Amino acid sequence: MEQILKYFPSLTEKQIEQFGKLQALYEDWNSKINVISRKDIGNLYEHHVLHSLAIGKELAFKAGSKILDFGTGGGFPGIPLAILFPECQFTLIDGTGKKIRVATEVANAIGLTNVQALHRRGEEEKGKYDFVVSRAVMPLPDLIKIIRKNIAKENKNVLGNGLLCLKGGNLGEELMPFKKIVEQTEITNWFEEEWFKEKYVIYVPL
């Protein structure tokens, strides 16, 4: 939690309480349904919560924005972002039902009213959103083929509607088809921990 407060010092008491409950909830659910590597559950705040919140450093979503978390797993990046932006609506989808159950139960347990978690594959999702967010679920060209249909036409944020995703490593080849429009921001611009080296927020306007 100290890491969250270090980089997000103006959280409300309610937000601090919600973030604070995540460790115990994910430890409990992870013992029943493995959504986070068992070795990594001790790094929940740095490797999962703070990593998710890097998207919130790239763009502070305006109130009323609708965001789709594609391939959310147990709720990342959607749940941390939904805590950070309580006036935005988040739809979390994943093709694995038991993972969606974890995301739903965690959201309910911390009183998140701006989250809807659905057992659904991306190809089946018909809704329109200002942004799609994701965490390295598949290569960028494949992801964009699926989500293009879900991007709303009317912009309400500082950045034009599109995809914000978390990726790591050498992305040269993967970003090549979008090199004229893509923005690649190093997460170490915001967070100083060693773990964030060579990790990026990728923005593709659609």
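Tutor: Let's start with the largest pocket, which is lined by Val-35, Ile-36, His-48, Gly-71, Thr-72, Gly-73, Gly-74, Phe-76, Asp-94, Lys-99, Arg-135 and Val-137. Keep in mind that this is a predicted model.

Student: How much space lies in the largest pocket?

Tutor: About 170 Å³.

Student: And what's the lining like by class?

Tutor: The lining has five polar residues, four nonpolar ones and three charged ones.

Student: Phe-76 is in that list. What kind of peptide bond runs from Phe-76 to Pro-77, cis or trans?

Tutor: That bond is cis, with omega near 5°. Pro-77 sits in the loop between β1 (66–70) and α4 (78–84).

Student: Why point that out?

Tutor: Because most peptide bonds are trans, and most residues other than glycine have a negative phi.

Student: Is Ala-136 buried or exposed, or in between?

Tutor: Ala-136 counts as partly exposed, because its relative accessible area is 47%.

Student: What about Glu-198? What's its phi?

Tutor: Glu-198 also has a positive phi, near 60°, and it is a residue other than glycine. Its place is the loop between β6 (183–186) and β7 (199–205). With 53% relative accessibility, Glu-198 counts as exposed.

Student: Let's go inside. Which residues touch the most other members of the largest nonpolar core?

Tutor: Leu-22, Tyr-26, Phe-61 and Ile-79 do, in a core of 52 residues. Helix α3 (residues 44–58) gives the most to this core, with seven residues.

Student: Which residues does Ile-79 touch?

Tutor: Leaving out residues up to four places away in sequence, Ile-79 touches Leu-22, Tyr-26, Gly-74, Leu-92, Ala-103, Val-106, Ala-107, Ile-110 and Leu-112. Gly-74 is also one of the residues lining the largest pocket.

Student: Where is Val-132 found?

Tutor: In strand β4 (residues 131–135). Val-132 counts as buried because its relative accessibility is 0%.

Student: And what does Val-132 touch?

Tutor: Not counting residues up to four places away in sequence, Val-132 touches Leu-68, Phe-70, Ile-147, Ile-151, Gly-162, Leu-163 and Leu-164. Take Leu-164: 32 residues separate it from Val-132 along the chain, but their C-alpha atoms are separated by 6.3 Å.

Student: Are Cys-88 and Cys-165 buried or exposed?

Tutor: Cys-88 is buried, with a relative accessible area of 1%. Cys-165 counts as buried too, at 0% relative accessibility.

Note on methods: Residues are numbered from 1 along each chain as its sequence is written. This is a predicted model: local features need pLDDT of at least 70, side-chain atom pairs count only at pLDDT 80 or more; totals for chains, interfaces and linings use all residues. Side-chain values use heavy atoms; hydrogens and water are left out. On a 1 Å grid over the protein atoms alone, a cavity is a set of points where a 1.4 Å probe fits but cannot get out, and a pocket is an open set with protein on both sides within 12 Å along at least five of seven lines; lining residues have an atom within 4 Å of a point. Grid points are joined across faces, edges and corners, and a volume is the space filled by probe spheres set on the points. Ala, Val, Leu, Ile, Met, Phe, Trp, Tyr, Cys and Pro count as nonpolar, Asp, Glu, Lys and Arg as charged, and the others, Gly among them, as polar. Helices (H or I, at least four residues) and strands (E, at least two) are DSSP runs, numbered from the N terminus. Buried means under 20% relative accessible area, exposed over 50%, partly exposed in between (1.4 Å probe, protein chains only). Contact means heavy atoms within 4.5 Å. A nonpolar core is a set of buried Ala, Val, Leu, Ile, Met, Phe, Trp, Tyr and Cys residues joined through side-chain atoms within 4.5 Å.
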